[in-house]
Amino acid sequence: MITLITGGVKSGKTAHALKLCDAYTGKTYVATAEAFDEAMQTKIDLHKAERDESWVTIEEPVSLHSVFDNAQEQDVILIDCITMWLNNLIYKQLNTEKHIEHFLARLAKCGKPVVLVTNETGLGVMPANPDACRFADELGRLNTKLAAMSDEVIFMISSIPLTIKGAKK
C-alpha cells in the first residue's frame, strides 16, 4: 500500500501522514531535509518534535532507494519529503534520473506500507528563474509517477485531507 500526500507549503501534509501511521506499531520516519541554514534547522526541529519515541528515524538526503533495506523491521515507512529529496539531488548536481529510477524500482518492490509526502508546486505562478522552472517541472513529473503507482493520493488544503485516488480512510 502506497499513499501519496501532496499539497502546498504548511497545508498539514506531515501531520496527516503521521496520523495515518498511528495505526502501525513499527514506524520508520525517513527525513530527507538537510539543514543548509538556520531556517531549515528550525523546520527540522519542529518536525522532530512532532514524533514520539515510537518512531525510528533515518536521515537520508540522497540515496532514498536504500531506506527500504534499513527499514525492513518496521511496519510502515513515512518518507518526508520527496520535494526536499529532489532539491538535494539537483543542488548536489547528481543524476536525478538515475536516483529517481532506483527509488521508484525499490518502492514498487517494497512490500510494506509506505506514506510519501510531497509538495504541489505547480498551482501558482511559474517562476522566471530557469533553475526554479526545472525544479518545478521535474517535481511535477516525479509526482505524476508517484501518483500513478500509489494506491491512495491525498491532497491537503488548510489541514483538510481530500482523497483524490483510492478509498477514503
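In the second largest pocket, the lining residues split into 2 nonpolar, 1 polar and 5 charged. Here Ala, Val, Leu, Ile, Met, Phe, Trp, Tyr, Cys and Pro count as nonpolar, Asp, Glu, Lys and Arg as charged, and the others, Gly among them, as polar. This is a predicted model, in which local features need pLDDT of at least 70, side-chain atom pairs count only at pLDDT 80 or more, and totals for chains, interfaces and linings use all residues. Residues are numbered from 1 along each chain as its sequence is written, and side-chain values use heavy atoms, with hydrogens and water left out.

Staying with that pocket, its volume is about 170 Å³. A pocket is an open set of points on a 1 Å grid over the protein atoms alone, where a 1.4 Å probe fits, with protein on both sides within 12 Å along at least five of seven lines; lining residues have an atom within 4 Å of a point. The volume is the space filled by probe spheres set on the points, which are joined across faces, edges and corners. Among the lining residues are Glu 97, Glu 101, Arg 141 and Lys 145. Helix H5 (96-108) and helix H6 (130-149) each give at least two residues to this lining; helices are DSSP runs of H or I with at least four residues, strands runs of E with at least two, numbered from the N terminus.

Now the largest pocket. It holds about 820 Å³ of space. It is lined by 37 residues, and Lys 43, His 47, Asp 80, Cys 81 and Met 84 are the closest to its centre. H2 supplies the largest share of the lining, 7 residues.
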